[in-house]
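Trainee: I'd like to go through the labels on this model and hear what stands behind each of them. Can we start with the aromatic rings?

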Amino acid sequence: MFAHFDGIVAEKTADSIVLDVNGVGYLLMVSGATLSMAPQVGERMKLYSSLNVREDAMELFGFYSREEKSMYERLKGVSGIGSRTALQILSSMSVRDLSLALVSGDANALTRVPGIGKKTAQRLVLELKDKVEDSQLTGAGAGVSPKTASAGPEAEAVAALVALGYSASEAAKAVSRVVDQSDKVDELIFLALKGMG
């Protein structure tokens, strides 16, 4: 119903932003990542949005990028994951780190999110590992900031393999198989290429 809102940041709280769009204030629930990307009160911001209609409430959720919104929608599609839980996951992990965890089958990384147990983490991996988009893995267009995403050796190695022409999912799987063998980007790339070759 609402694709995005473009307006002035009127208020910010720990989990929401009020955007003033032509005199109308829209309250959007946001992740910690989106909140960290938000400008100061009084400045302009665009948020992609999703409307959640429940029996007792209508809530708007806001996202700093299409990739974050897309991941939110995918998370919400998993049985047992509601809007608030999906937002909690996106507050705990960057879209890129979450995508890498899903594609590589790293359920343990997901259990570090408050409220996500082992069974839920395994269900997330099982249902979403083949649905992750390349742009979510590489961070392309995701507005990834140093505050919200670690550009660790694993992510850099994946990005390098993507630049060499491999798909993001191929690259992520190859790097995840060798990530425990080195913490240097060039060595991870070499080992991943060797494993794929």
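Mentor: Rings of Phe, Tyr and Trp (its six-membered ring) pair if their centres lie within 6.5 Å; planes under 30 degrees apart count as stacked, over 60 as edge-to-face and the rest as tilted. Searching the whole structure that way turns up five aromatic pairs. Bear in mind that this is a predicted model, where local features need pLDDT of at least 70 and side-chain atom pairs pLDDT 80 or more, while totals for chains, interfaces and linings use all residues. Numbering runs from 1 along each chain as its sequence is written, and side-chain values use heavy atoms, leaving out hydrogens and water.

Trainee: Why is the pair of Phe63 and Tyr72 called tilted?

Mentor: The ring centres of Phe63 and Tyr72 are 4.7 Å apart and the planes stand at 40°, so the pair is tilted. Elsewhere, Phe2, Phe5 and Tyr26 make up one aromatic cluster.

Trainee: What makes Glu127 partly exposed?

Mentor: Glu127 has 31% relative accessibility, so it counts as partly exposed. Glu127 sits in helix H6; helices (H or I, at least four residues) and strands (E, at least two) are DSSP runs, numbered from the N terminus.

Trainee: Which residues does Glu127 touch, not counting those up to four places away in sequence?

Mentor: Those are Gly77, Val78 and Ser79, where contact means heavy atoms within 4.5 Å. Glu127 and Leu75 are 52 residues apart in sequence, with their C-alpha atoms 9.3 Å apart in space.

Trainee: How do you know that the buried residues of H6 line one face of the helix?

Mentor: H6 covers residues 118-128, and its buried residues are Thr120, Ala121, Leu124, Val125 and Leu128. Down the helix axis they fall within an arc of 140°, so they line one face; the arc is that of the directions from the helix axis to the C-beta atoms. Turned away from that buried side are the exposed Lys118, Lys119 and Leu126. The cover over the buried residues includes helix H2 (66-76), helix H3 (83-92), helix H4 (95-104) and helix H5 (107-111).

Trainee: What is the arc for the buried residues of H9?

Mentor: In H9 (residues 168-178), the buried ones are Ala168, Ala171, Ala172, Ala174, Val175 and Val178. Their arc is 165°, so they too line one face of their helix.

Trainee: What makes a set of residues a nonpolar core?

Mentor: The members are buried Ala, Val, Leu, Ile, Met, Phe, Trp, Tyr and Cys residues joined through side-chain atoms within 4.5 Å. The largest such core has 43 residues, and Leu75, Leu90, Leu98, Leu102, Leu110 and Leu124 have the most contacts inside it. H4 gives the largest share of this core, six residues. Another core lies apart from it, with 12 residues, among them Val9, Leu35, Ala38 and Leu60.

Trainee: Why are strands S4 and S5 said to pair, and in which sense?

Mentor: Pairing needs at least two bridges found by DSSP. S4 (residues 44-53) and S5 have six, in the antiparallel sense, and Tyr48 has Phe63 as its bridge partner in S5. The two strands form a hairpin with four residues between them. S3 (residues 24-30) pairs with S5 in the parallel sense over three bridges; there, Met29 is partnered with Phe61. As for S5 (residues 58-63), five of its six residues are buried.

Terms used
Buried means under 20% relative accessible area, exposed over 50%, partly exposed in between (1.4 Å probe, protein chains only).
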